[in-house]
Amino acid sequence: MAKFLLSLHLVVAVLAVGPVAVAVSMFPRKAKAALVAGPEQATAQASVRLLHRISNIYALIGIAVPLLGVGTAQAMHVLGNGWLIASIVLTAIAAGVLLLFVLPGQQATVDALDATENQEAETTRATGMLKMLPMTAGLFNLLWVVVLVLMVIRPGSTNGA
């Protein structure tokens, strides 16, 4: 059962977290182009909407990753190990960064694109939020890389590499 859960955990992690990581990384550049008038604005606007949708949908699917991870840890009897606890904490922080900074920043851009009244105010708000978006997206991705490294190396683990 542990091997099955581990395989499922890895598949869901790759298929759910991977698209979010790519989408949040691509979003800031496309958002800047979408908010500025120019020949590429229409294409950039479509890209922004698609990237935001990918981020939202796969973030929801990504909830399965830590759930399957805890189930896998129980089956492998490693639930109290330090590397796993650190991974759980970092995963929670990554989720917080995504939910509190990245997705609202993306939503502000989509709102600015969809605004029919107060468009200038919405664009100003979105532009302000875009200033932090590359950093928060990078932090989100860095946290997942650290979690991945902890899962592979498992420092202090007594049940092999």
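Two salt bridges are counted in this predicted model, a salt bridge being a side-chain nitrogen of Lys or Arg within 4 Å of a carboxyl oxygen of Asp or Glu. Local features need pLDDT of at least 70, side-chain atom pairs count only at pLDDT 80 or more, and totals for chains, interfaces and linings use all residues. Residues are numbered from 1 along each chain as its sequence is written, and side-chain values use heavy atoms, with hydrogens and water left out.

Helices are DSSP runs of H or I, at least four residues long, numbered from the N terminus. Asp114 is partly exposed at 43% relative accessibility, and Arg49 is partly exposed at 33%. Partly exposed lies between buried (under 20% relative accessible area) and exposed (over 50%), using a 1.4 Å probe and protein chains only.

Glu122 and Arg125 also form a salt bridge, their closest N and O atoms being 3.6 Å apart. Both sit in helix 5 (residues 119-130), three residues apart, and are therefore separated by about one helical turn. Glu122 is partly exposed with a relative accessible area of 24%, as is Arg125 with 40%.

An unreviewed UniProt entry places "transmembrane region" at residues 57-76, 83-103 and 132-153; such annotations may be inferred rather than shown by experiment. Residues 57-76 are 90% helix and 0% strand, with end C-alpha atoms 30 Å apart. Residues 83-103 are 100% helix and 0% strand, with end C-alpha atoms 28 Å apart.

Key: Helix = DSSP H or I, 4+ residues; strand = E, 2+ residues; numbered from the N terminus.
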